[in-house]
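Please view the sequence and the structure together before reading the points below.

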Amino acid sequence: MFALIFFSACLAVTVLVVSLFSKMQRLKELEGKIAALNFSLEEMDEQAKLIMRTDIELNKTQEELDKKVAGLDALQKLSRQISTTLEEKQIFNKIDNKYLEELGFEKSLAFLWKNIEREFRLYLCLGYTQDESEKIRAAINANKDYFLELIQKGSTASSVSVPGGFLAKDKVNHLFLVHSFIICPVLTQEGDKGFIFVGTLDIETPITKGGQEFISILANQIAQTLDNARLFEKTWRSQQELEMKVEERTRQLTGALEEVRKMSKRKSDFISSVSHELRTPLTSIKGYAAILLAGKLGALPEEIKERLEKINRHSDELVHMVNDLLDISRIESGKVDMKIESQDLKAIVEKVFDLLSEQLKAKNISFSSNIAENCQKILADRSQIERVFINLIGNALKFTPENGKINISATGANKIVQVDVKDTGFGIPEEAQEHIFEEFYRVDNAINQKVKGTGLGLTLIKHIIEAHQGKIWVKSKLGEGSTFSFTLKAA
Ligand code: ADP
């Protein structure tokens, strides 16, 4: 019985011990889990703190970024405003409080160096009273060498990198009435120099590297616009000078032209009256010579007859010359009535060819014409244009040796017909080509000594063509031939 009780007690103890042991084991496990949980909690706390810190930094960066964007935007608008100006004072007037505040400043000054007066002159004043700005201007001019050196170095000065000397922080605070500032030099290619000052009293607004860059960009923009303004001023001034010169020259030329016109009219009048005066005695001379030659006053010895014939021939030449002179002066003074009508070029050329065919045959000169059947008609006075052809073909005949060729061609374009009279004659020396349309001009060569002429034919036809609003010119090569070309309006 005792043994049974003992055994039962032992069993109960054993069960108790085992249960205790297993509970302790569970407790240990729980402790481990709690420790792990605590560790995770701490980690999470750390992470939460990190997230908060990052968020604050992100917000700050965002704020800075927003400020930069706003600054850049203001700078861009300001640059655009400035660059549209070409007047020195106006450039600075474009910088106003609105832009300045967007850039984070409330005070600004700009000075340009005036070399003749040897002083800095104020061009921009924002955020200061007149008295304050006057005081600053005087102080800057009293220290001009310091500022000139600063500009020459081209470096930006600011309250972050306090430059010392005149711009030592306490002096700046005292004189410029700001807490922080930036000074940027303005240097142009045209030699202007000056600087722009911006500042703020706000302790919260720090001067950053970005801010300094903004002001330096603004200073560069001002310098560039000043350069443009100077260039514009120069161009404008030289244009004014040029215009004045042109005006003066035009006045002189108009006067000279008027003088030439008067002289030309006097000359035409003179030629016209002399020619008239010459015609009457010439007709008498010719008449008497004809009577004598006809033997109406008795038979004449052969030598006298020969001389009378010479008088007759020379009188004919003189009459011819006088008539040409009269025609030139009449066309020149617009006294000839042109009967402008639609004319068939081919028919005119054929008529002139008939007139000159004997002379062409005599020199065995082949004559050809390339005027197409459907060639445009011309607007011209028939008899005057016939004279042009007679003169041009007559000249070609005169100045082309035997067995040569003369060709007439015509082409039309843009309501203009161009006629070319080409020969295989002696040609005209280059230096004489520009003179051959002048009155009495004849090329001074051996050919002209043998060939008779007055030097008036080409002058006359030039006048006729110009009276038809056409043009006439020559292309020629010595020994190869000449081409006389003229234009007329197509019908
Ligand atoms: P002219 O024939 O009476 O001398 P023009 O005024 O008709 O006067 O011609 C002026 C000059 O131009 C001529 O003397 C001649 O030297 C030159 N000339 C004109 N036509 C020709 C031509 N077809 N070939 C060579 N020379 C020419």
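Predicted model: local features only at pLDDT ≥ 70, side-chain atom pairs only at ≥ 80, totals over all residues.

What volume does the second largest pocket have? The second largest pocket has a volume of about 470 Å³. Of the 18 residues that line this second largest pocket, those closest to its centre are E64, K67, K68, P206 and T208.

**Ligand**

- A shell of 20 residues surrounds the ligand, and the closest are N395, R442, N448, T454 and L458.
- A polar backbone atom of V443 is 3.3 Å from an oxygen atom of the ligand.
- Taken alone, the ligand exposes 520 Å², of which the protein buries 97%.
- At least two shell residues come from each of α10 (382-398), α13 (457-467) and β12 (481-489), and α10 gives the most, with 3 residues.
- By class, the shell around the ligand comprises 9 nonpolar, 8 polar and 3 charged residues.

**Largest pocket**

- The largest pocket holds about 1,100 Å³ of space.
- Its lining consists of 42 residues, and N395, K398, F399, K452 and G453 are the closest to its centre.
- The elements that each supply at least two lining residues are α8, α9 (345-362), α10, α12 (446-450), α13 and β12.
- The largest share of this lining, 9 residues, is contributed by α10.
- The lining of the largest pocket divides into 18 nonpolar, 16 polar and 8 charged residues.

**Second largest pocket**

- Both α1 (2-83) and α7 supply at least two residues of the lining of the second largest pocket.
- Here α1 gives the most, with 6 residues.
- The lining of the second largest pocket has 6 nonpolar, 6 polar and 6 charged residues.

**Cavity**

- The count comes to 1 cavity of 30 Å³ or more, and the largest cavity has a volume of about 30 Å³.
- The residues K267, S268, I271, L325, I328, S329, E332 and E439 line the largest cavity.
- Two or more of these lining residues come from α7 (209-293) and from α8 (302-332), with α8 giving the most, 4 residues.
- By class, the lining of the largest cavity has 3 nonpolar, 2 polar and 3 charged residues.

Terms used:
Residues numbered from 1 in each chain as written. Heavy atoms only, no water. 1 Å grid on protein atoms, 1.4 Å probe; cavity = no way out; pocket = protein on both sides within 12 Å on 5 of 7 lines; lining within 4 Å. Points joined across faces, edges and corners; volume = space filled by probe spheres on them. Nonpolar A, V, L, I, M, F, W, Y, C, P; charged D, E, K, R; others polar. Near = heavy atom within 4 Å. Polar contact = N/O pair within 3.5 Å; in protein donor to acceptor, adjacent residues only side chain to side chain. Areas by Shrake-Rupley, 256 points an atom, 1.4 Å probe, with all protein chains shown as cover.
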